[in-house]
Amino acid sequence: MAKHLVAVVGRPNVGKSTFVNRIVHSDEAIVHAMRGVTRDRSYHDADWNGHHFTLIDTGGIEMGDEDAFQTSIRNQAFTAARECDVILLLVDGRTGITADDEEVARILRREKAPVLVVVNKLDNLDTADAMYEFYRLGLGDPWPISAIHGTGTGDLLDAVVAELDKVTPNETCENDDDDEIINVAIIGRPNAGKSSLTNMLSRNDRSIVSDVAGTTRDAIDTLVAHEGRAYRLVDTAGLRRKSKIDEDVEYYGFVRSMRAIDRADVVLLMVDGTLGLTDQDQRIAGFAHERGCAMVIVLNKWDIVEGADRKEAVRDQITESLRFVGFAPVVAVSALTGKNTHRIWEAIDTAWDGYHREIPTSQLNNWLTDIREFGHTVSSGKKLLKVKYATQTGICPPQFTFFANHPEMVTDNYRRYLENRMRRTFDLTGTPIRIKFKRKDDSR
């Protein structure tokens with residue numbers, strides 16, 4: 001069912017992210033006193049008295065500032081305003097109206113969606129004098145609130161819901177049923193091209209792209225429909241060593257990225273082809289592997305890697321150093337130009353299918369019979385390991401239980417042997433698998 005969209009806009013540090021967290025009852029949006037913490041627009045599910053809608057948190061709008069990010073931040077905020085059903089313009093009740101407030105209000109008066117002026121940081125809502133000047137914005141009655149304490153938010157949400165009831169939400173991919181969506185987390189080091197890939201796959205400048213490392217600070221969700229399937233692409237903050245994380249904001253971005261990996265079906269590990277595989281790439285792959293995610297390795301900037309020998313060396317490096325995720329297909333692309341990015345969709349689908357693969361017990365045991373004929377087993381003194389039966393016990397990722405006479409004799413080499421043989425027989429491309437051994441008479 002489609003949901004209404006409510007955009008939260010305003011200049012920096014008026015409390016937009018604090019307000020969003022208050023309404024959605026979580027700490028999804030990063031809150032920090034430093035200017036410019038929120039840069040991209042992010043979407044958060046909310047409800048009020050049974051009315052479900054989506055809040056869009058946006059970066060702080062500064063009309064006269066043209067730093068490395070401000071133009072993109074402004075564009076992101078006004079894009080959110082254009083696509084929503086209700087606009088909330090947050091202003092600071094302590095500092096009063098600023099030139100930026102007036103300019104943003106002037107632009108928002110042109111929008112079709114209704115605009116509510118929300119005066120934040122009014123801990124004492126009886127302070128009527130603080131409200132009068134905000135009528136100058138020409139957007140009707142201002143609504144006093146304190147986002148930190150939650151006072152005034154109930155009356156505001158009643159007004160928001162009343163406005164939403166007047167319009168029908170657009171049927172967009174933003175509102176697809178979560179059960180039908182493939183969750184894809186795009187992970188990697190800073191400047192590997194994650195935001196460029198997100199924008200290319202979504203055909204939408206949802207994430208801000210810059211040569212400055214650390215541009216993306218939060219995990220940004222983008223829902224995309226491609227050939228009849230729905231995907232949630234999550235552009236994550238660049239993951240660095242914890243010892244290199246020197247700002248609170250970057251730490252929170254790291255935490256959000258790890259959460260994105262935790263809820264992902266498939267991760268796209270972005271590797272900068274011009275640099276080759278680094279130790280940090282291996283660590284990031286390890287994060288995803290530990291959490292049991294399906295994986296696709298994306299070799300980015302492949303169009304500017306010079307020479308066939310260099311390209312072969314990078315591929316060999318990945319094969320050698322990422323053996324523990326050898327199941328992951330490798331796709332070489334240019335996220336900036338879009339070259340070969342269409343191949344990523346097929347790789348995601350293949351990995352997702354493998355992640356959900358269910359193999360009938362009869363097929364597993366026919367395969368097991370064939371394996372016994374090869375005679376590869378483990379012995380210790382007079383004891384000989386005999387695997388008697390196999391069954392699948394889980395998916396996402398696929399999990400298999402083997403019943404044997406002496407499970408304590410299973411070695412890592414034998415476990416790898418079984419996994420390799422399974423992968424040759426069954427299509428498990430892109431997904432890890434879990435193998436467990438139990439004693440034959442163990443019914444637990």
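**Reading this model step by step**

Me: Where is the place of N13 in the chain?
Reply: Start from the named elements: helices (H or I, at least four residues) and strands (E, at least two) are DSSP runs, numbered from the N terminus. N13 sits in the loop between strand 1 (4-9) and helix 1.

Me: What should I know about the model before going on?
Reply: It is a predicted model, so local features need pLDDT of at least 70 and side-chain atom pairs count only at pLDDT 80 or more, while totals for chains, interfaces and linings use all residues. Residues are numbered from 1 along each chain as its sequence is written, and side-chain values use heavy atoms, with hydrogens and water left out.

Me: Is N13 buried or exposed, or in between?
Reply: The scale is relative accessible area (buried under 20%, exposed over 50%, partly exposed in between; 1.4 Å probe, protein chains only). N13 has 38%, so N13 is partly exposed.

Me: Which peptide bond is cis?
Reply: Most peptide bonds are trans. Here the bond from C396 to P397 is cis, with omega near 0°. To find P397, look in the loop between strand 15 (387-394) and strand 16.

Me: How many helices and strands does the protein chain have?
Reply: The secondary structure comes to 12 helices and 17 strands. The protein chain has 444 residues, and buried residues make up 53% of them.

Me: Could we follow one residue through its contacts?
Reply: Let's take R22, whose place is in helix 1. Its relative accessibility is 32%, so R22 counts as partly exposed. Leaving out residues up to four places away in sequence, R22 touches A147, I148, H149, G150 and T153. There is also a distance to look at: R22 and A46 are 24 residues apart in sequence, and 10.0 Å separates them in space, C-alpha to C-alpha.

Me: Which residues in helix 1 meet helix 5?
Reply: On the helix 1 side they are F19, R22 and I23. Their partners in helix 5 are T153, L156 and L157.

Me: How many aromatic pairs does the structure hold?
Reply: Rings of Phe, Tyr and Trp (its six-membered ring) pair if their centres lie within 6.5 Å; planes under 30 degrees apart count as stacked, over 60 as edge-to-face and the rest as tilted. The structure holds six such aromatic pairs. In one of them, the ring centres of Y231 and W345 are 4.7 Å apart and the planes stand at 55°, so this pair is tilted. Y231 belongs to strand 9 (residues 229-235) and W345 to helix 10 (residues 342-355), so the pair ties together parts 114 residues apart in sequence. Y231 is buried, with a relative accessible area of 0%, and W345 is buried too, at 7%.

Me: What about the pair of F402 and F437?
Reply: Their ring centres are 5.5 Å apart and their planes are at 25°, so the pair is stacked. F402 lies in strand 16 (residues 399-404) and F437 in strand 17 (residues 434-439), so the pair ties together parts 35 residues apart in sequence. Both F402 and F437 are buried. Ring pairs also join them with W367 and F426 into a cluster.

Me: Where is the place of N405, and which residues does N405 touch?
Reply: N405 is in the loop between strand 16 and helix 12 (412-425). With a relative accessible area of 17%, N405 is buried. Not counting residues up to four places away in sequence, N405 touches L384, L385, K386, K388 and R439.

How values were computed:
Contact means heavy atoms within 4.5 Å.
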